[in-house]
Amino acid sequence: METNTGAILTKPALTKKKLEMVTALYMAGPYVLLMLVFTIAVFVMGAMMSLTDAARLDPGTFTGIQNYIDVISNPKYWTSVWTTLQYTVFAMLVQIPIAFVLAYILNNIKSRFRAVLRASFFIPVLINNVVIALLFRMLFSGDYGIINWAMGTMGLPNNTEWVKNPNLVIPMLVIVSSWQWMGFHAVYFLANLQTIDRSLFEAAKLDGASPLRVLFQIVFPMVRPAFTFVMITSAIGCLQLFDLVFLLFPDAGYVGGTARTIIAYIYDEAFSQQARFGYASAAGFVSFFMILIVSLFQLRFLGLGKAEE
Amino acid sequence: MNTKGAILLCALLAVVFAFTACDGGTDGGGRTVTMWSFAPNNVVEWKARQADIEKKFNIKLVIEEVAQNAFFQKLQANMTAGTDVPDIIEWMIENNRVLDANPAKSYVQPLDDFVKSSSVFPKVLPGRAAWVTYGGHTYGLPHDVHPVVLIYNDTIWKSVGVDVATLKTWDEFFAASKKLIAQQSGGKPLHYALPYAKNGLQSSMFMIWQQTGSQILDASGKPTFTDPKFVEFAKKWQTWVDSGVFTDWDWGQFGALLANGTLCSFTSPDWWVGQVDTAAKEGKYQFRVRALPEYYAGGPKSASWGGSFMAIPRGKDNAAFLYKIMEYMQYDKSSIATRFKDTGMLTPMSEAWDTDVFKQADARFGGQKLGELQISVAKDMPKVVSGNIFWDAINDYTEQYAQLNAGKLTVEQALQKTQEAAAARLK
Amino acid sequence: MIPKIFGMIILSVIALMFLFPILWLADSAFRPQTDVLKVPPILIDKGLPAMGLFTLDSMKKALVDWNVFLSFINSVYITLAGIGLTIIICCMCAYAFSYLNFPLKRVVFVVILATMMLPMTTMIVPYFRVLGTLKLVGNPLGLIIPYAASAFGVFLLRQYFVKIPFSFIESARMEGAHDFRILFQIIMPLAKPAIAALSIVQFRQIWNDFLYPMLVLKNQALFTLPIKIQFMDSQNLNKPYDAILATGFIAAIIPIVFFLIFQRQFIEGMTGGVKH
């Protein structure tokens, strides 16, 4: 009897497992295939190109790591790295704390009005970069912008060339990207703050804790995962800034090179007259690893944000 | 006929066939010829003449309009893939990126053989052809000549006591401009003498530079930004900028600024003259036109800016035939008058200008004959040495210029850095 | 503690600062070119009568003369197709990781998540070359297909799928349904909130995308709204400020309208947390 039931039980189980694997292949296959093509294949192609001096229409000859040496020894590249770093640090320093403060205040406001305010903060997130750059270029225009006009009526200097002055490039980028993303961070923090049980606050109040203590000992620990997530994602985003820079400063010199971010540098090298695809691919790889290392470092240092990841 | 005669006849026929095969003939056998154009203005003329062109060459002409900011990458992509490469491209002279002093690296073929045996091409202004001649090879046929003239608001200038028509040199002009900007409101001048976006060798600086006779590339294509003549010009230009007579060159606001009297003069190629239309129609101010003041005594009174050319992408083996089509489209006598009338553009051949359409009085300038003026200055248009890194080098200077204008660099330092950046591109 | 009213005032001022450029855009989109760039601004210069100077000419110029309507259709088409393909591919993948067992499951999942952190913008040059090899350049599919590879989508959907009681799937399997049917007929209807959230995230990204459409779409006839705006803005000869602003308004108002209607889903979706 054992043999009989044994024979019946083992066969279907085997087929079922194989069937599951095949189904998984069909189900997950398309996505995985796309992922392989648009990441792995891209890396392979990039690696191949970066080892040649491919430029314009010429597939180029094998040059080994010469491109990498050229990138690392090129001051223009490091200037772009420095520009991107400056922007990232300032943007994060401005956006994240202010977003948190906004969220904190918003958390204490009645629900109806809160929804209106929340919507107002969030709307800039929905606008595309071209329109944002256009708006800010026109509002901050040296001669015809409303900002300068308003400053003039208040007695402040009214002829600042906001989008043409090399000294103002980083501030302008920070202003524009803060306008665009601060609402998003604030709403994210708000969603997080709202998960904190009200009763904790009540208990703290009963204990006589000062608002500052409440902040530090209750709120901060609970929003720490959110902070980490926001910091990592905004760092990754800021380091790859291109659209705004390309659209806000359309003259080819990127305002004296001060607005040239890493991706802008890669784009320039790839699509200038020389169209050095091999070199630009190498610059891409160098940048890729640098940004990845920064992200991993953040992950390690700030601790894993979400429990899942 | 006898054997000898037959052989002679065959030889004669063979020679005739050889000739027609060599020069491509003018019969396309009904095949399709594709052309990419970035300039909607030009396409208007091509579409108007399309039937005529198709009949003359027995072809079907397909014209595809390609956006300016997609043109080069699209050409690059298609030529790399080897598919859908157009037979003819009509592309802009500035920042074109498709030419290369080395024919093996150029996106388009050198036309040297064809222009040498052409009876039409030698009549094209050398100053114009220079823009599409890299490393001694002619790569394209320029469409136009775009001579630059000075347009000015006579009413406002005269109101500050200056008759612009009497100024001889740019030095005199900028000295007189100081009177123009004397009237201020809220700390800013009400009137400006010229537009300039303070972005280096572009727009007004680019045009006036051509009159100085200095070059930024030498004949072998190497940058010469530190050449004493250019340095002197750059220094002089900066003193002009510092005197505060320039307002921004705002492409979108230009006409409005002329109409409300903020901008009182500008150096204009033929395709930009239309900016005075609104102002002229309103009639509040009187506008006049004149040749550019000289940079140095006896120097050229004009420059050129912008324009387009036609070329044949590399790899086309019926280039001789395509060349004939291009030459016909660009320079045939039938097009000259319509091109000027409809688009205000001049064909770059001086012998073509002896038509009435150029001699008409222009109401916008109180009856002055704009066409005649443009022709007379076009004739001695200065030649600019162009090359592989020309437009990128200009961008290098734009980059340094921002620092220069902010006071962080001296003119010499900015030019030195530009020179280094441009030279690095040649590696 | 700071009085609530004080906080409300500060926040309202800040909210107005956030909204001001949009309001200016909405105002300028309906003004003729000469009024748009007037200094001082026309509303302040002329006061309330300026409200009567609105015109639809700019809109008409944009939609008709500059063919913005076609770009609008392109944007709609690419966005809808992109969202659709994303949902299908990500749902299938999330299903596999939620309910099926196969070797290397954990590894592959971690790899998928890891791709969310990769700074792939640095790889635009080889990316573009790969697209060219696949003959996807100049083709809307060259945008739609890569959009569908959304790691965030897989992550979001899987989080939701695993919360669905496994008994549903078990009983369906016992009735002989195969997995594809289970996915489309049982799981997806149940996972509507997550799918909505993903759709919204994808909508915002695809509708507003600039760099990739700029590199991929080369024909004017294929331009999406952002590329069209940039094209009009780079016209030196005839820059139509009025049409540009009108088009910008169209491009901006669509997501805003959707947002105002589906506020909750938007925020839940974009903050990655779907509560139920």
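Reply: Let us begin with buried area, which is the accessible area (1.4 Å probe) that two parts lose on being put together, summed over both. In this predicted model, chain A and chain C bury about 8,200 Å² between them, and carbon and sulfur atoms give 83% of that area. Before we go on, a word on conventions: this is a predicted model, in which local features need pLDDT of at least 70 and side-chain atom pairs count only at pLDDT 80 or more, while totals for chains, interfaces and linings use all residues. Residues are numbered from 1 along each chain as its sequence is written, chains are lettered from A and ligands numbered from 1 in the order in which they are written, and side-chain values use heavy atoms, with hydrogens and water left out.

Me: How many residues of chain A are in contact with chain C?

Reply: Contact means heavy atoms within 4.5 Å. By that rule, 88 residues of chain A are in contact with 94 residues of chain C.

Me: How many salt bridges are counted between chain A and chain C, and how should I read that count?

Reply: A salt bridge is a side-chain nitrogen of Lys or Arg within 4 Å of a carboxyl oxygen of Asp or Glu. Between chain A and chain C the count is one salt bridge, formed by Asp233(C) with Arg137(A), whose closest N and O atoms are 2.3 Å apart.

Me: Which element of chain A gives the most to the side that touches chain C?

Reply: Elements are DSSP runs numbered from the N terminus, namely helices (H or I, at least four residues) and strands (E, at least two). Helix H1 (residues 2-50) of chain A gives the most to the side of chain A that touches chain C, with 21 residues. For residue classes, Ala, Val, Leu, Ile, Met, Phe, Trp, Tyr, Cys and Pro count as nonpolar, Asp, Glu, Lys and Arg as charged, and the others, Gly among them, as polar. The side of chain A that touches chain C then divides into 66 nonpolar, 14 polar and eight charged residues.

Me: What does the interface of chain C and chain B look like in the same terms?

Reply: Here 16 residues of chain C are in contact with 18 residues of chain B, and the buried area is about 1,500 Å², of which carbon and sulfur atoms give 54%. In chain C, the residues that lose the most area to chain B are Lys218(C), Asn236(C) and Leu237(C), which together account for 38% of what that side buries. The side of chain C that touches chain B has seven nonpolar, six polar and three charged residues.

Me: Into which domains is chain A divided?

Reply: Domain bounds come from an automatic or database domain assignment. Chain A is divided into domain 1 (1-49) and domain 2 (67-302), with their centres, taken over C-alpha atoms, 41 Å apart. The contact takes four residues from domain 1 of chain A and six residues from domain 2 of chain A. These two domains of chain A bury about 410 Å² between them, 76% of it on carbon and sulfur atoms, and Phe43(A), Gly46(A) and Met49(A) supply 89% of the area that domain 1 buries against domain 2.

Me: Where in chain A is the pLDDT below 50?

Reply: pLDDT is the predictor's confidence in each residue, from 0 to 100. Chain A has a mean pLDDT of 86, and 93% of its residues reach 70 or more. Over residues 305-309 of chain A, however, the pLDDT is below 50, and this stretch has 11 contacts in the model beyond near neighbours in sequence. Where pLDDT is low, the predicted coordinates should not be read in detail.
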